[in-house]
Amino acid sequence: MKFSEAWLREWVDPPVKTQELADQLSMAGLEVDSVTPVAASFQGVVVGEVLEKEAHPDADKLSVCQVTVGGDEPLQIVCGARNVSTGMRVPVATVGALLPGDFKIKKAKLRGVQSLGMICSASELGLAESSDGIMPLPVDAPVGDDFRSYLGLDDQAIDVDLTPDRGDCLGLVGIAREVGVINRCSVSVQAVHPVTPTIDDQIDVDLLADEACPRYLCRVVKGVDVNAETPLWMQERLRRSDIRSLGPVVDVTNYVLLELGQPMHGFDLQKIAQKIQVRMAEQGEMLTLIGGQEIELKENTLVIADQKRPLALAGIMGGEDSSVGETTQNILLESAFFTPMAISGKARNYGLHTDSSHRFERGVDPQLQSKAMERATALLLEIAGGEPGPIVEAVNQKQIGERPLIDLRANRVNKVLGVEIERAEVLDILNRLEMQVIETGEGWQVRAPSCRFDIAIEEDLIEEVGRIYGYARIPTNRGAFSMEMRGRQEAEFDLGKAKQLLVGRDFQEVITYSFVSPEIEALVDPEQTGIRLANPISADMAVMRTSLWPGLLQTARYNQSRQQSRVRIFESGLCFVRDGGEIRQERVLAGLVSGDRLDEQWDSSNDPVDFFDMKADIEALLSLCDSADRFVFAAGKHPALHPGQSAVIHYGDEAVGRIGMLHPELEKQLDLTSTSFLFEIDLAKIELGSLPAFESLSKFPSIRRDIALVVDESVTFEAVRNVIRESSGKIIKDIRLFDVYTGKNVDSGRKSVALGLILQEKSHTLTDQEVDEVLERVLHHLSDELDAKLRD
């Protein structure tokens with residue numbers, strides 16, 4: 001909600017400066033996002049009147065104007081705007097004036113004709129992004145007055161970011177009420193008087209969906225001049241709230257929206273067939289919205305229709321076919337109360353978000369419609385003329401109901417807030433908040449005003465008392481309480497330590513949304529069906545993730561598109577999987593690497609990262625777990641991974657994660673610029689970590705023996721290592737793979753693996769005989785189990 005401070009001070013004028021006013025609103029729960037000037041800085045601009053206009057003798061597109069600014073002699077000014085005319089009141093920058101952008105006005109000659117100033121457009125004064133000609137002023141604008149003072153441009157625009165429960169402050173009347181209560185000063189409420197009908201014309205209303213729309217008002221106004229000029233004061237108030245002037249009918253409804261918080265709409269009466277129907281849409285009905293977007297309506301959408309077709313999305317946007325145009329003479333004004341549940345999420349379903357839907361989703365005062373209709377009618381007649389008919393109201397009062405009567409206990413107020421507040425001060429706060437209050441022995445019975453949907457229980461009232469009393473006035477007390485320490489297994493897997501390890505290996509932690517687009521979810525994890533959200537934030541955040549990979553891949557793409565080719569990221573978070581009728585949450589740790597193995601530097605080559613680089617990172621990570629040697633990497637398949645470079649991580653017989661290279665086809669569809677490798681580990685399956693244990697160092701020397709084995713190409717190093725460990729006992733301390741060879745002197749389908757075996761005993765120095773016996777036993781088992789042979 002953005003508004004002019006000067007406009008607010010016409011309603012309530014507390015003795016505080018702008019910044020203090022903003023701080024007061026923020027401390028009262030209405031967070032101020034920004035306070036900005038309503039106009040750029042300029043000086044030396046006055047109101048002038050064009051007395052004469054003649055064609056420039058040497059330029060077809062220029063004219064020579066005689067302009068009075070209240071001095072003894074008129075100023076001769078050369079102007080290039082097509083809309084300048086004799087008798088116009090215009091803003092004039094005199095010689096010496098300083099315009100936005102430090103542009104100083106000097107005497108000049110344009111095509112040989114002297115010019116003593118400049119007639120200004122709105123954009124040249126910083127009041128608009130673009131302008132078509134000079135800025136016309138009302139005919140009663142006082143010639144010679146300072147233009148900045150005339151328009152009141154020494155003003156600030158205050159932008160308030162309201163929480164969803166404070167829909168009552170989406171109109172200036174609500175903000176003024178809050179400021180008045182905070183500063184204990186009176187509020188000058190704009191008087192709204194009923195407009196007397198001068199014609200009998202009216203449109204009947206059928207309320208066919210009264211649960212969604214309990215109240216609907218409309219009024220016929222005939223003979224409206226839709227091409228009339230909206231007064232400059234109204235245009236300025238709209239501009240300072242970031243709303244563009246679009247003609248008197250739209251401007252009046254937008255003005256009432258800002259002033260009272262009631263969305264309204266104007267229909268072209270000639271385009272309505274017989275009567276208005278407020279009903280639910282029929283499946284397959286089509287509606288062209290204002291702006292030309294055509295949508296197919298859904299059955300759960302509330303619409304405003306006539307006897308033939310839908311005219312508007314109720315509470316969201318009007319239709320193109322029934323909108324007010326340049327030839328419109330008769331209009332139908334609408335003012336209605338749509339329940340929040342009827343409108344909530346509907347705009348997003350059609351890819352829309354409007355000022356109307358924003359307010360109706362949060363709740364509009366159900367008693368405000370008649371007042372808004374009278375206010376809009378009076379403004380419209382004043383600006384564009386016309387003859388009003390009577391107000392037609394269709395209402396189901398039972399669906400609107402009455403705000404509940406809430407018991408508020410004085411001792412409960414003091415107990416919850418932790419401070420003694422006088423009963424008289426509590427009563428004053430409640431009265432200023434326009435509550436209906438009945439005093440009782442224990443406190444009060446309170447009924448909130450119809451605009452306050454957020455007040456339903458005693459604690460809501462206590463919150464209101466507390467924020468108006470002032471949180472800063474409530475003393476800080478440190479309460480005493482007992483705390484029970486939770487026992488934690490010493491060997492529990494430490495996620496924090498795992499994150500530190502990954503950071504130490506040049507990873508960076510990221511946090512991505514739990515919601516992803518259905519398209520990328522289907523690409524990355526087609527075997528799972530993502531859980532769809534009923535009211536997604538946007539179309540590309542419509543399902544809950546079943547894997548962390550979509551977020552990591554989107555992060556990688558974002559970085560690569562900004563010339564950050566080397567990406568090493570990880571994330572820990574929840575994935576959401578449907579299990580029967582339940583939703584299961586899984587704690588997952590996942591990561592992605594792409595680009596070069598090392599940062600660019602002078603003494604290393606730019607080798608790209610590969611599968612084994614990531615495998616080394618995962619092995620380091622799994623070393624934090626209990627019995628790290630029980631983790632096995634076995635070839636596996638996943639739709640998102642390259643079939644020849646993917647593996648499943650097993651702990652015993654249970655799969656705990658997977659690792660692999662992103663499938664090239666998927667890489668292409670996601671517009672990634674380099675090969676990416678991914679891993680994902682289910683944290684629930686590796687809950688036990690490892691405890692450090694001391695092992696004495698041997699005082700005796702180790703012996704190294706190198707062997708070269710010829711095995712089938714399908715045999716992994718892990719299989720060879722496991723056979724060696726099982727057959728040698730504890731005498732072999734380490735197994736080092738230092739070469740893999742295929743080619744000349746090695747049979748087709750076979751490969752040579754060269755291993756370094758480190759042997760050592762704690763009790764004595766090994767002899768050659770002992771070493772030979774161990775090697776003979778190892779080679780025997782390798783031959784039996786893996787068909788391995790020593791290479792010649």
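How many of the 792 residues of the protein count as buried? The share is 49%, where buried means under 20% relative accessible area, exposed over 50%, and partly exposed in between (1.4 Å probe, protein chains only). The structure is a predicted model, so to speak of local features a pLDDT of at least 70 is needed, side-chain atom pairs count only at pLDDT 80 or more, and totals for chains, interfaces and linings use all residues. Residues are numbered from 1 along each chain as its sequence is written, and side-chain values use heavy atoms, with hydrogens and water left out.

On to the overall build. The secondary structure comes to 21 helices and 39 strands; these are DSSP runs numbered from the N terminus, with helices being H or I of at least four residues and strands E of at least two. The radius of gyration, taken over C-alpha atoms, is 38 Å, well over the 28 Å that the globule rule (2.2 Å times the number of residues to the power 0.38) gives for 792 residues, so the protein is more spread out than a compact globule. Along the principal axes, the C-alpha atoms fill a box of roughly 120 × 85 × 60 Å. Contacts here mean heavy atoms within 4.5 Å, and among those with a separation of 6 or more, 69% join residues 24 or more positions apart. The protein exposes about 40,100 Å², with carbon and sulfur atoms supplying 47% of it; accessible areas come from the Shrake-Rupley method with a 1.4 Å probe, and for residues only the protein chains shown count as cover.

Next, the inside. In soluble globular proteins, nonpolar side chains tend to be buried together. A nonpolar core is taken as a set of buried Ala, Val, Leu, Ile, Met, Phe, Trp, Tyr and Cys residues joined through side-chain atoms within 4.5 Å. The largest such core has 48 residues, and Phe3, Leu8, Val224 and Leu380 touch the most other members. Helix 10 (residues 369-384) gives this core its largest share, seven residues. Apart from it lies another core, of 40 residues, among them Leu311, Ala314, Ile343 and Ala394.

Side chains of opposite charge can pair when their charged atoms come close. With a salt bridge defined as a side-chain nitrogen of Lys or Arg within 4 Å of a carboxyl oxygen of Asp or Glu, the count comes to 57. One of them pairs aspartate 168 with arginine 177, with 3.7 Å between the closest N and O atoms. Both ends are tucked away: aspartate 168 is buried at 9% relative accessibility, and arginine 177 is buried at 11%. Another salt bridge joins aspartate 201 and lysine 222 at 2.7 Å, N to O. Aspartate 201 sits in the loop between helix 4 (172-183) and strand 12 (205-207) and lysine 222 in strand 13 (residues 215-222), so this pair ties together parts that are 21 residues apart in sequence. Aspartate 201 is partly exposed at 30%, and lysine 222 is partly exposed at 26%. Aspartate 682 and lysine 685 meet in a salt bridge at 4.0 Å, N to O; aspartate 682 is buried at 16%, while lysine 685 is partly exposed at 34%. Shared partners also join Arg166, Asp168, Arg177, Glu178, Glu434, Arg452, Asp454, Glu464 and Arg467 into one salt-bridge network.

Some loop residues round out the picture. Histidine 193 is found in the loop between helix 4 and strand 12 and counts as exposed at 59% relative accessibility. Histidine 193 and lysine 371 are 178 residues apart in sequence, yet their C-alpha atoms are 8.4 Å apart in space. Most residues other than glycine have a negative phi. Aspartate 102, however, has a positive phi of about 55°; this residue lies in the loop between strand 6 (89-99) and strand 7 (103-104) and is exposed at 66%. Aspartate 506 also has a positive phi, near 75°, in the loop between helix 15 and strand 26 (508-509), and is partly exposed at 39%.
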